[in-house]
Amino acid sequence: MPEIKVTPLGAGQDVGRSCILVSIGGKNIMLDCGMHMGYNDDRRFPDFSYITQNGRLTDFLDCVIISHFHLDHCGALPYMSEMVGYDGPIYMTHPTKAICPILLEDFRKITVDKKGETNFFTSQMIKDCMKKVIPLNLHQTVQGDYNMTPDRHLGAAWIDKCRPDILISESTYATTIRDSKRCRERDFLKKVHETIERGGKVLIPVFALGRAQELCILLETFWERMNLKAPIYFSTGLTEKANHYYKLFITWTNQKIRKTFVQRNMFEFKHIKAFDRSYADNPGPMVVFATPGMLHAGQSLQIFKKWAGNDKNMVIMPGYCVQGTIGHKILNGQRKLEMEGRSTLDVKLQVEYMSFSAHADAKGIMQLIRMAEPRNMLLVHGEAAKMEFLKGKIEQEFNCYMPANGETTAVTTNPSVPVDISLNLLKREMVLGGPLPDPKKPRTMHGTLIMKENLVSSEQALKELGLNEHQLRFTCRVQLQDPHSDSDTLHRIYTHLKSVLKDYTIQHLPDGTVMVESIVIKVSSSAEDANAKVLLLSWSYQDEDLGSYLSSLLKKGLPT
Amino acid sequence: MKLYCLSGHPTLPCNVLKFKSTTIMLDCGLDTTSVLNFLPLPLVHSPRLSKLPGWISKDGSINLEKELKECAGRVFVDSQPEFCLPERELLDLSTIDVILISNYHCMMALPYITEHTGFTGTVYATEPTLQIGRLLMEELVNFMERVPKAQSATCWKNKEIQRMLPGPLKDAVDVWTWKRCYSMQEVNSALSKVQLVGYSQKVELFGAVQVSPLSSGYSLGSSNWIIQSHHEKVSYVSGSSLLTTHPQPMDQSSLKNSDVLILTGLTQMPTANPDGMLGEFCSNLAMTIRAGGNVLVPCYSSGVIYDLLECLYQFIESANLGTTPFYFISPVANSSLEFSQIFAEWLCHNKQTKVYLPEPPFPHAELIQTNKLKHYPSIHGDFSSEFRQPCVVFTGHPSLRFGDVVHFMELWGKSSLNTVIFTEPDFSYLDALAPYQPLAMKCVYCPIDTRLNFHQVSKLLKEVQPLHVVCPEQYTQPPLTQSHRSDLMLELQPPPMPYRRCSVLNLPFRRRYERVYILPELANSLVPSEVKPGVSVATVSAVLQSKDNKHTLQSVPKAPPVAPSKKRKRVMEEPPVTMAPKPLLSGAVPLEAFLATLQKHGITEVKVEETADGHILHLQAEDTLIQLEEDGTHIVCDNNEPLRATLRDLVLRFLQKL
């Protein structure tokens, strides 16, 4: 029985460094190749040594598919392809291909140039890696031994009722059921507004692309409406570039933005200006979007250090933070942070958490599952405890797995065997079967399967294989006492059979025979006794059941 | 399988394919050449046009002064221009299941088909096709509605009167079916029925057939379509190009192994080389500007104009045209320029890589930024105050019958300094210019048609090798004006099947097989036996389930165990209900071996008699005859069921069951 094997190399019962190996139909496919933001050691990347201890991955992997440009889904790509070694195809959508190298380069700069780490991929490696990428359209089918259909990222997630053998889903927000988006937005604006009113500063750590643009649009319109004067800054040099990307890839965004793009570019902001490092010390209220999103390095961390001591200020975390990052610590209520060089930082500013992240919540995941009706469900990219909770819910309706990293889940599949059926046979069968199937009276159809070829009718098979047909016939003599003339006897047989066999065609032919379907019945009387009749029943092997039945029926005699 | 041909225009096709219980419309092109018979619609009052004399027949018997006007010896209808629609009587349009659109030029009749006909199906098109098609329709509606004309001329359509008119009006066909332009509301309603598809996406239609668009290289999002079932494949090729312009290159290999290839939309200018025309376009443009004249380019708002602008972008500096203003005037000019930049995944590789930088894929963004190219919705408003001469104006409609182009023809026609350069191949430039005669303006005709020419298409067909080719009859003979050019026609073996408007073709197609799925349980129970080396057969007895055109075979359900009740006896007497057919038999019964087997079963008294075809065995104790022949066995016995059954099984041992 064919099998699908799924092994997470990262993000098994954990958040970050999403990387899943799938073996299907003799092919090995890697889904995502992400990195973990919370670690600086080996645990940063997925464990590729699971695939092979030494040498390149090309021989073991048939392709890599990247779902989207977040670093926890594509951050390890240059490491895998250039440092471990992989030359096969990497598939992603056009916008992902455009944005992914920028985020990778950005991250490389922070890690290598600022933190001074070595043994990390270089700019050239990112470029070389991106050369191996083949961009795809949504719904485009890749020719080969497997099919895949990427789905729209910024439009709402949609999944057909495809009844897959296995559905692999992230479960970052496995236990959260978020209130409506509008409520969250209102809440967010209210908090920002209150802080500004009391003269505080608001820090919003974000990743350069993604939700940041959505939040910018939100604040921009709010500032416009409320006529606010406090400055809003976006702290990365990428802003302009990022917005440019958004414009060029506008067909991948949601309907509303697409419709209005000719009249008004949603990504040209009036109130949001580029940030300069010196602005952080300016007096008075301000809002700053700074990268990266989990406060683990870079500008957002620098600003955080500056503002942390003032309780008028606020930091709003708009997304999930993985373990080990400062973001994660402060969200868990830690108020004293140990910084590099043994110094500690007192956190006095307000910490707010707003889930604007794109990850699906429990309700969303359940909706997707019900839409797809998978035979099996596999959870990744979530914390073990929260996953357990969701697994419990799913298991009420579906099979559910949540393997740890390096742990293989095997699912057997049971595919139907496609064969080609002769159109004549099919049409004949469909006509005989009638327009509507009758579940109580299934019709049996009969045919011959020629292996490596088609299902044809038996006659055709004989012809195609050059075999002769062998006719097997039976003729049975039945003795009967019936004081009538031969022709009357025959007629009595006819009426008798007519009354017993309701569903069969029975004919009284002028040549002195009765035919039941293709079984021939003749009557003759012996010379000695005109009342002793001999019935001759003749049938071929194909009518064996009916013939046998008739002979025993007639043996019992005719009703008087 | 049948093909209904609703349009006679080879590049604006409209065909309906009936294939495996589905009815699929392939394109719905709108033949707009009919508007050439109408008088232009000026944006501002034109004293010249309004003073044209009305037409009265020579003998004075027919007076159509109000409807027909005469200009330079030709007669024009003075009315809202009308279009020649696809045939609507050949088949019931409400039975159409889906419409497949190949490119935005071939969907202009959509509202006539989907609205007011009872159409309830789905239209499939790519995203650029939908968006740009919408722009072109919007532009058309806008052109018409901007200059409403109260009068609707109908008298001239009277058969008796039309016969008396001078040509080409006299020869116009089906004039009664000509229709005015649709409204924006109808456009919106029609386009709301469009479902977006991407290249190579497979769309299932009712489980019976699968359709899939392929890149055709002609325009943004333009596609050819594959319509196939598991065993049959029809390719629909419409408006394809092998030239490297802005769209994604044509996907040729997927057209291979077609049973039927429907070929439409070849170049309308088989003798004009697009590159040469582009060069001529640039040099004429530069010459006119240098001489202080203006250049008018009547064009569609999307398509070749992107290539013209790109060509000019490179040409402007070298030709010293840096200060010459370029204007693009259309109600959808801005949208067209903006939209062209956001369809990266539909562009050729060079342009696609630009967006990763990120840079706009088309250089006209830079022309706009540097103020070299300006676009306006119409000649009214901002344009009138910012307009400087000499200049270059791109504007529609290429028929010169409506749109802003009419104004420029009236404005610039009188001066020989100015030039009008025709680049669109859809209209004969002489016919287009007819209502403006006499004209002092220079006219240059450099039609740019990037679609396949006859040389390219025969090479393509040689490569993809379809079994049969169907094409418009125009492609099966050389053009009328160049009847000696046998290279300007399709020569194929077997010859292509030609169609014309209102043809119904029976496509030569024999369907022999259909796909059926054997459920795993049944598949496991099959016992293959090898009848020849490498060929195995297995008999299949199964229940056929057909649902949504998908067929599955499943095991025959086991009869429920007979309830142990009084009825049992009666059950025995019931005639066999589940008539499981017996397999066919094959092979022969060898005499010696059979006799030996009989002996083993206690039948010893056998008298063998040789006959012409085999042997007759007389089983004396049982008074039974067995006739053994090469291709048959006949058992004649008394009504002794156990004996008969034994003999039957013994014979079956020697035979193969199928």
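**Reading the contacts**

Mentor: Let's start where the chains meet: chain B and chain A share 18 residue pairs in polar contact, both residues at pLDDT 80 or more. A polar contact is a pair of N or O atoms within 3.5 Å; within protein, one must be able to donate a hydrogen and the other to accept it, and residues adjacent in sequence count only if both atoms are side-chain atoms. Strand β25 (residues 535-547) of chain B gives the most to the side of chain B that touches chain A, with eleven residues. Helices (H or I, at least four residues) and strands (E, at least two) are DSSP runs, numbered from the N terminus.

Trainee: Before we go on, what sort of model is this?

Mentor: It's a predicted model, where local features need pLDDT of at least 70, side-chain atom pairs count only at pLDDT 80 or more, and totals for chains, interfaces and linings use all residues. Residues are numbered from 1 along each chain as its sequence is written, chains are lettered from A and ligands numbered from 1 in the order in which they are written, and side-chain values use heavy atoms, with hydrogens and water left out.

Trainee: How many residues does each chain bring to the contact?

Mentor: Contact means heavy atoms within 4.5 Å. Chain B brings 91 residues and chain A brings 80. About 7,900 Å² is buried between them, and carbon and sulfur atoms give 59% of that. Buried area is the accessible area (1.4 Å probe) that two parts lose on being put together, summed over both. Y356(B), K582(B) and N639(B) supply 10% of the area that chain B buries against chain A, more than any other three residues.

Trainee: How many salt bridges are there between chain B and chain A?

Mentor: Look for a side-chain nitrogen of Lys or Arg within 4 Å of a carboxyl oxygen of Asp or Glu; that's a salt bridge. Between chain B and chain A there are three. E544(A) pairs with R644(B) in a salt bridge, their closest N and O atoms being 3.0 Å apart.

Trainee: Which parts of chain B does the salt bridge between R74(B) and D431(B) tie together?

Mentor: The closest N and O atoms of that pair are 3.0 Å apart. R74(B) sits in strand β5 (residues 74-77) and D431(B) in helix α13 (residues 429-433) of chain B, so the bridge ties together parts 357 residues apart in sequence.

Trainee: What about D87(A) and K132(A)?

Mentor: They form a salt bridge too, with the closest N and O atoms 3.2 Å apart. D87(A) lies in the loop between α2 (77-85) and β5 (90-93) of chain A, while K132(A) is in the loop between α4 (123-131) and β6 (133-136), 45 residues away. D87(A) is partly exposed at 44%, but K132(A) is buried at 17%.

Trainee: Can we finish with a single residue? Where is N63(B)?

Mentor: N63(B) is in the loop between α1 (47-50) and β4 (68-71) of chain B. With a relative accessible area of 44%, N63(B) is partly exposed. Leaving aside neighbours within four places in sequence, N63(B) touches W55(B) and I56(B). A polar atom of the N63(B) side chain also lies 3.0 Å from the backbone nitrogen of E65(B).

How values were computed: Buried means under 20% relative accessible area, exposed over 50%, partly exposed in between (1.4 Å probe, protein chains only).
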